[in-house]
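Student: I would like to learn how to read a protein model. Could you take me through some features, one at a time?

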Amino acid sequence: MIDGDTIEIHGQRIRLSGFDAPERGARCGAINVYQNASLALADVIGLHTVTCVSQGTDRYGRIVATCSVEGIDLGHELVRKGWARDWPQYSQRTYAEDEISARVSARGIWGLDCPDDLWGDRTYD
């Protein structure tokens with residue numbers, strides 16, 4: 001695990017497509033949400049084999065892919081658990097229902113007192 005939305009397989013960084021997790025240093029009060037998102041992704045993957053379908057590369061040269069373990073989409077799991085959010089610009093709202101569920105249930109970041117600038121200047125419209 002590199003972070004909550006990036007993994008590395010055989011030395012190749014893979015940016016998980018369609019969702020966004022908090023960046024390095026992100027905190028909600030005393031809670032390090034960057035670390036919690038990374039740990040949540042590690043928990044989902046565990047010792048399972050990760051399968052990815054590439055969608056190309058990003059401006060940093062990383063492969064952008066939708067990845068799963070045992071048929072479970074990593075994006076659905078991270079967003080549903082509240083440690084990431086849907087990024088409609090890239091997901092076509094694939095994870096929107098998961099985000100709504102996490103928000104309503106106050107899971108992960110949605111149950112914490114997070115600063116307004118947690119997501120920086122990114123837009124999620």
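## Rings, charges and a pocket

Tutor: Gladly! Let's begin with a charge and a ring: Arg 85 lies over the face of Trp 119, with 5.3 Å to the ring centre. Keep in mind that this model is predicted.

Student: Which ring does the charged end of Arg 103 sit over?

Tutor: That one is the ring of Trp 110, and the distance to its centre is 3.9 Å.

Student: Are Phe 19 and Tyr 95 buried or exposed?

Tutor: For that, compare the relative accessible area with a cut-off: under 20% means buried. Phe 19 has 1%, so it is buried, and Tyr 95 is buried too, at 3%.

Student: What about Trp 87 and Tyr 90, how are their rings arranged?

Tutor: Their centres lie 4.9 Å apart with the planes at 90°, so they are edge-to-face. Trp 87 is buried, with a relative accessible area of 11%, whereas Tyr 90 is partly exposed at 44%. Both belong to one aromatic cluster, together with Trp 119 and Tyr 124.

Student: How do I find a pocket?

Tutor: Rolling a probe the size of a water molecule over the atoms shows where empty space is left. In this model the largest pocket holds about 410 Å³ of space. It is lined by 17 residues, and the closest to its centre are Arg 15, Asp 58, Tyr 60, Arg 62 and Trp 87.

Student: Which classes of residue make up the lining of the largest pocket?

Tutor: Eight are charged, six are nonpolar and three are polar.

Student: Last one: is Asp 125 buried or exposed?

Tutor: Over 50% counts as exposed, and Asp 125 has a relative accessible area of 80%, so it is exposed. You will find Asp 125 in the segment after α4.

Student: Which residues is Asp 125 in contact with, leaving aside its neighbours within four places in sequence?

Tutor: Those are Pro 88 and Gln 89. Asp 125 and Gln 89 are 36 residues apart in sequence, yet their C-alpha atoms are 7.2 Å apart in space.

Technical notes. Residues are numbered from 1 along each chain as its sequence is written. This is a predicted model: local features need pLDDT of at least 70, side-chain atom pairs count only at pLDDT 80 or more; totals for chains, interfaces and linings use all residues. Side-chain values use heavy atoms; hydrogens and water are left out. Helices (H or I, at least four residues) and strands (E, at least two) are DSSP runs, numbered from the N terminus. Buried means under 20% relative accessible area, exposed over 50%, partly exposed in between (1.4 Å probe, protein chains only). Contact means heavy atoms within 4.5 Å. Rings of Phe, Tyr and Trp (its six-membered ring) pair if their centres lie within 6.5 Å; planes under 30 degrees apart count as stacked, over 60 as edge-to-face and the rest as tilted. A charge sits over a ring if NZ of Lys or CZ of Arg is within 6 Å of the ring centre and within 35 degrees of the ring normal. On a 1 Å grid over the protein atoms alone, a cavity is a set of points where a 1.4 Å probe fits but cannot get out, and a pocket is an open set with protein on both sides within 12 Å along at least five of seven lines; lining residues have an atom within 4 Å of a point. Grid points are joined across faces, edges and corners, and a volume is the space filled by probe spheres set on the points. Ala, Val, Leu, Ile, Met, Phe, Trp, Tyr, Cys and Pro count as nonpolar, Asp, Glu, Lys and Arg as charged, and the others, Gly among them, as polar.
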